[in-house]
Amino acid sequence: MADTVVGIDLGTTLSLCAWVGPRGPEVVRDEAGRRFVPSVLSFTADGEVLIGDEARRRAIAEPENTIFSIKRLMGKGLADLEHELRFVPYHVEETDRKLVRVRVRDRAYTPQELSAMILREVRDRAEARLGVEVTRAVITVPAYFDDAQRQATRDAGRLAGLDVLRIINEPTAAAIAYGLDRQHDGLVVVYDFGGGTLDVSILKLRDGVFQVLSTSGDTYLGGDDIDRSIMDVAAREIATRHGVDVRRDPSLLQALRDAAEATKIELSDASSAELGLRSSDGSLDYRRPITREELETLLVPLVERSLRACRQALTDAKLETTQVNDVVLVGGTTRIPYVRRRVKEFFGRDPHVDLDPEEVVALGAAVQAHALSGDASGSAMQEILLLDVTPLSLGIDTMGGAFSKLIMRNSTIPARATDEFTTWVDGQTNVDIHILQGERELSKDNRSLGRFTLRGIPPMPAGIPRIEVTFLIDQNGILKVQALEKRSGREASVEVVPSHGLTNEEVERMLLESVEKAEEDMTARRMIDLRTDGEVVIRATEKSLANVRARLSPAQQAEVRDSIVALRGALAGSDPSAAQAALDRLNLLTMPIAEMQMNAVAEHVLRGKKLSEIGRGGEEK
Ligand code: ADP
Ligand code: MG
C-alpha cells in the first residue's frame, strides 16, 4: 500500500489533519464530512475508549471519565499545573519522575498516551479517507512550548505509530500556509485567538527561513470567555425575570453555554440573533434578542487584553507596528468581525483572512510535511528551513546551587553554546552535570531536564581541570549535552534524558508494561533515587559544615546535624514522602550554608565556575 505524509494540528480542544493532494494542501475530512476530532477521550465502564465527538457528548454525564485539555498537561509536573488542575474534573496524579498521569477507571495514563490515542484516531480517519497508509507526520505545537513539552508531543506521535518528521510551531505553520516563506523578507505577526487560549507570535522571515522573535499571550483567554460573558448577562436576566438560578442546574448551565456559543457564532454573520434557553419541563422559557453591537460591548475588555499581548510581543522583539509586513489570523475567534477590525486598526494593515482560520495551522504543517518527505522533489517546492527560538534559558547547576546559563532564552535554534568549568575538590575524578531550564538564579528554582556524570578525570588539584560543556539544540528543539575534560581528553558519553520527556526505550517499555505494575515499583524506585540524592546532600552538608563552622552558631550547627540524623532515619525507611520531607528540610537548612560557602570560595582563589563532586568522586580512579 502506498503511503503519504500529513500535517497534524494537535489542538487543546480540536485536532485535525491535512495533506498535500493532487489539488494542493487540503484538510482531510471523514466520511461524514467532519474536519475536526475534538481532543476529548471518554472511558466507558466496559473498557471502551471513545474519542472525539462521542467523547465530548459524555463530558457532562461522566466528568471523571472524560478527559479534555490534555495538551495543557503535556510535559508538565504537578507543580506546574496548580492553576490548570482547578479547571478539570478528572483525577491527575504525579509519578516518581515528576510527570503527571491521569487516573481514570483505575488505570493511569500519561498525557503522551492520551494524546497518542487522539493522534491515532486522526491518523485512522486519514487512512480510511485517503486509502493510503499514513506513517509520517509533522505535528504542530505552540511556539512557547519548552523542550519537555515538545519531547512529550514527539513521544505521543511515536506511540501513535507515526514517524514524526518534525515538530513545528503553530504560527510558523500558519505563515507557511499563506506561502509567506516564499515572499520577500519581512516581519509576520500571527494572532491566534482560539477557544481557550490566545497566542501572539512575531516571526522574522529571512531568505525563506522563519525565526520566532517573540511570543506573548494568555493561556486562559479565548472564545470560551466570550461565551461566559454572554452567559453572565443571560443568567442575571433569568434570575430577575424568572427567579431561576441557572448556575445551580448543570444541565441548564450546559444548555446555556451551547446557546451562548451558537448566538456568538451567528453574530459573526448576522447583525442580530436570538439567545434562548428552555428547560426540558417547560417551566423556564427565556428568550432575548441580542445585537452585534451588544456583543461588541462585551468583547471590548477581552479584545483589549489580546491587544496588550500584541503590544508585549512587539516590545519584547523591540519592534513597532509599522515594521510589521504581514498579519495572519488563526483560530475560530478571529472570525468575529469586531476582532478583525481591532487587529487591523492596531497593526494598520489588512490581515490575511483567505484561509479558514481553524484550518490554517494544519494546512501549513501539511505543506511542511510534504516538503520534508521528499515527495515534493521535482516540484518547485524545496525544504523550508525553519528556525525557532528557545522559550527558556538552558544551563547547568554549578557549585552551591547556582544556575549557569549556556543558551539564553529566545535564542534561535538550532543553537550551540560552550562554556568551561572546573572542579571544586582536590583530586576530584567525577563531575555531575545537571541540566536545567529556566530563568532563576538558583538551580533549585529551575526545572531539571536531566543529569549525567563525567567520570575518570585524572586526579588534579581543585580548579585545574578544564571541563568544556557543550549544549546543542537540533532543529526539533531536542537538547544534547556533551562534557569534555580538555587536559585529559576524558569525554562523557552523554545521554540527556529530559526528566519530563522519555527516551525511545522508555516509550517502548511504556507500551508493553502494564501501568498498574509500574505503580508498585514506583515507590521503591523513588526511595532508591531519594537515597542517592540524600547521600549526596548529607556528604555535601557534612563537608560544608566543616568549611563554614566558624560562621555558624552552635545552635545552627546542631539543627543541621539533627536534620541529617532525621534524614538518615527516613532514608532507611520506605516512605518516600517522609524521606522527601526530611531531604527538603535539610536542603532548606543548608541553603544559607551553601551561600556562605560560595562566598568563602570567592574570597579564596580559584577563578571559573566549579562543578560539584558526585558519589565517591575523589576516590575513584
Ligand atoms: P483552539 O485552537 O483553541 O482549539 P479554535 O481555533 O478551533 O480553538 O477556535 C474555537 C473557538 O472559536 C470557539 O470558542 C468557537 O466558539 C469559536 N468560533 C468558531 N467559529 C466562530 C465564529 N464564526 N464566530 C465566532 N467564534 C467562532
Ligand atoms: Mg489552535
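In the predicted model, D397 has F403 of strand β21 as its bridge partner. Strand β20 spans residues 394-398. Its pairing with β21 is antiparallel and runs over five bridges. Strand β21 itself covers residues 402-407. Most of this strand is covered, with five of its six residues buried. Buried here means under 20% relative accessible area. In a regular strand, side chains alternate between the two faces of the sheet.

Around ligand 1 stand 16 residues. Those that come nearest are T13, G195, E261, K264 and S268. A polar backbone atom of G195 lies 2.9 Å from an oxygen atom of ligand 1. For E261, an N or O atom of the side chain is 2.5 Å from a ligand oxygen. For S268, a polar side-chain atom is 2.7 Å from a nitrogen atom of ligand 1. On its own, ligand 1 has 580 Å² of accessible area, and the protein covers 86% of that area.

The make-up of the shell was also examined. Nine of its residues are polar, four are charged and three are nonpolar. Helix α7, residues 250-266, supplies the largest share, three residues. Both domain 1 (3-222 + 298-388) and domain 2 (223-297) contribute to the shell. Each gives at least three residues.

Terms used:
Residues numbered from 1 in each chain as written. Chains lettered and ligands numbered in written order. Predicted model: local features only at pLDDT ≥ 70, side-chain atom pairs only at ≥ 80, totals over all residues. Heavy atoms only, no water. Near = heavy atom within 4 Å. Polar contact = N/O pair within 3.5 Å; in protein donor to acceptor, adjacent residues only side chain to side chain. Areas by Shrake-Rupley, 256 points an atom, 1.4 Å probe, with all protein chains shown as cover. Helix = DSSP H or I, 4+ residues; strand = E, 2+ residues; numbered from the N terminus. Nonpolar A, V, L, I, M, F, W, Y, C, P; charged D, E, K, R; others polar. Domains from an automatic or database assignment. Buried < 20%, exposed > 50% of the residue type's maximum accessible area, 1.4 Å probe, protein only. Pairing = 2+ DSSP bridges.
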